[in-house]
Amino acid sequence: EAIKEKILFEDELEENQYQKMSIMSDDVEVKPTLLIECMAIHIGYLNNEGVELYKQKERSKDHIEDVERVFRYFCESLKQNQLDHTIIDIYSINDKMVGMYHDYLLNTKGLANATYNKYIGAIRQFIDWLIDKRDYTIKNPFKEVTRRAQPTNNEIIEEDEFEKLLEVIKPENGIKEFPSGDRKNMYRDWVRYAFKIALETGLRREEFMTLKFSNIIENNGTPKFVRVENFKVNRAKDIKEEKSKQYKLIPVT
């Protein structure tokens, strides 16, 4: 009876071109051990490579480039201490390496506290991802790093100061000289308008920099509102369907 069942099963597999088994079983997940390999699969994950459709999240190009920069800085901190980052495995990450990274961010790169916290947090999230999503049995030494104080000092300027800023945005003031002696024209004729739109709408940078004329809502030919997608909320909630997205309505003043 067992032999008969085996033959029937083999026939069924051949009939379906082995699709039945491949659909029912998950792909065997490769678990690399080298640090740089783990970093590579994480960047791939952020780009939704090999991620099931229902698990995919939309991430900005800037965010992914930030994570790549964080990884590069960590590798550079190891190289600065005569450690070959290409042969270090993920199980070797320890407090000493955290200390090297800490010193590199503060003393070599001279990062401000807010940026330092961001770069430490990104590595911490990466290790947590390996533990929670990839089932690595490792400890996360970055959890013991204390966040540095981030004093807020929002500077308020008067209206006349803002107007003076707009006045000096001129082509002749846009030439920048570099230590090498090279000169570059940094002037852009839209900068004045960008500053004014940012101030008068209160939108985030990406929101006001991606505005189109089609965002303007009119009533009897008169502009009334600017309708703009709330990128932060929609990405945080992974909302991709147009009908479900959240928008802001900015009154035209």
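**Entry 1: Asn230**

I began with Asn230 and found it in the loop between β4 and α10 (231–236). I take helices (H or I, at least four residues) and strands (E, at least two) as DSSP runs, numbered from the N terminus. Is Asn230 buried or exposed? Asn230 is buried, with a relative accessible area of 10%. My cut-offs here are under 20% relative accessible area for buried, over 50% for exposed, and partly exposed in between, with a 1.4 Å probe and protein chains only. I also looked up Gly50: it lies 180 residues from Asn230 in sequence and 28 Å away in space, C-alpha to C-alpha.

A note to myself on the model: it is predicted, local features need pLDDT of at least 70, side-chain atom pairs count only at pLDDT 80 or more, and totals for chains, interfaces and linings use all residues. Residues are numbered from 1 along each chain as its sequence is written, and side-chain values use heavy atoms, with hydrogens and water left out.

**Entry 2: the sheet**

Next I followed the strands. Three of them form an open sheet in the order β3-β4-β5, with antiparallel pairing. The edge strands are β3 (216–219) and β5, each of which pairs on one side only. From one strand to the next the twist averages 30°. For that angle, axes are lines fitted to C-alpha atoms (for helices over the stretch in contact), and angles run from 0 to 180 degrees between N-to-C directions.

I count two strands as paired if DSSP finds at least two bridges between them. How many bridges join β3 to β4? There are four, and the two strands run antiparallel. Within this pair, Glu218 stands opposite Pro223 in β4. The hairpin of β3 and β4 has two residues between the strands, and Asn220 takes a positive phi near 55° there.

**Entry 3: salt bridges**

Side chains of opposite charge can pair when their charged atoms come close. I call it a salt bridge when a side-chain nitrogen of Lys or Arg is within 4 Å of a carboxyl oxygen of Asp or Glu. The structure holds 10 of them.

Glu207 and Lys248 meet in one, at 3.0 Å from N to O. That pair links distant parts of the chain, with Glu207 in helix α9 and Lys248 in strand β5, 41 residues apart. Glu207 also forms a salt bridge with Arg204, where the closest N and O atoms are 3.2 Å apart. Glu207 counts as buried at 1% relative accessibility, while Arg204 is partly exposed at 38%.

I then checked Lys61, which forms a salt bridge with Glu65, the closest N and O atoms being 4.0 Å apart. Both lie in helix α4 (residues 61–80), four residues apart, about one turn of the helix. Lys61 is exposed, at 63% relative accessible area, and Glu65 is partly exposed, at 31%.

**Entry 4: the second largest pocket**

On a 1 Å grid over the protein atoms alone, a pocket is an open set of points with protein on both sides within 12 Å along at least five of seven lines; a cavity is a set where a 1.4 Å probe fits but cannot get out; lining residues have an atom within 4 Å of a point. Grid points are joined across faces, edges and corners, and a volume is the space filled by probe spheres set on the points.

The second largest pocket has a volume of about 670 Å³. Of its 20 lining residues, the closest to the centre are Ile197, Thr201, Leu211, Ile216 and Val226. Which elements each supply at least two lining residues? They are α8 (191–201), α9 (205–209), β4 (222–229) and β5 (247–251). The most comes from α8, with six residues. The lining divides into 14 nonpolar, three polar and three charged residues.

**Entry 5: the cavity**

Last, I looked for cavities, and the count comes to one of 30 Å³ or more. The largest cavity has a volume of about 40 Å³. Its lining is Tyr116, Asn117, Ile120, Gly121, Arg124, Val145, Thr146 and Arg147.

Note on methods:
Nonpolar A, V, L, I, M, F, W, Y, C, P; charged D, E, K, R; others polar.
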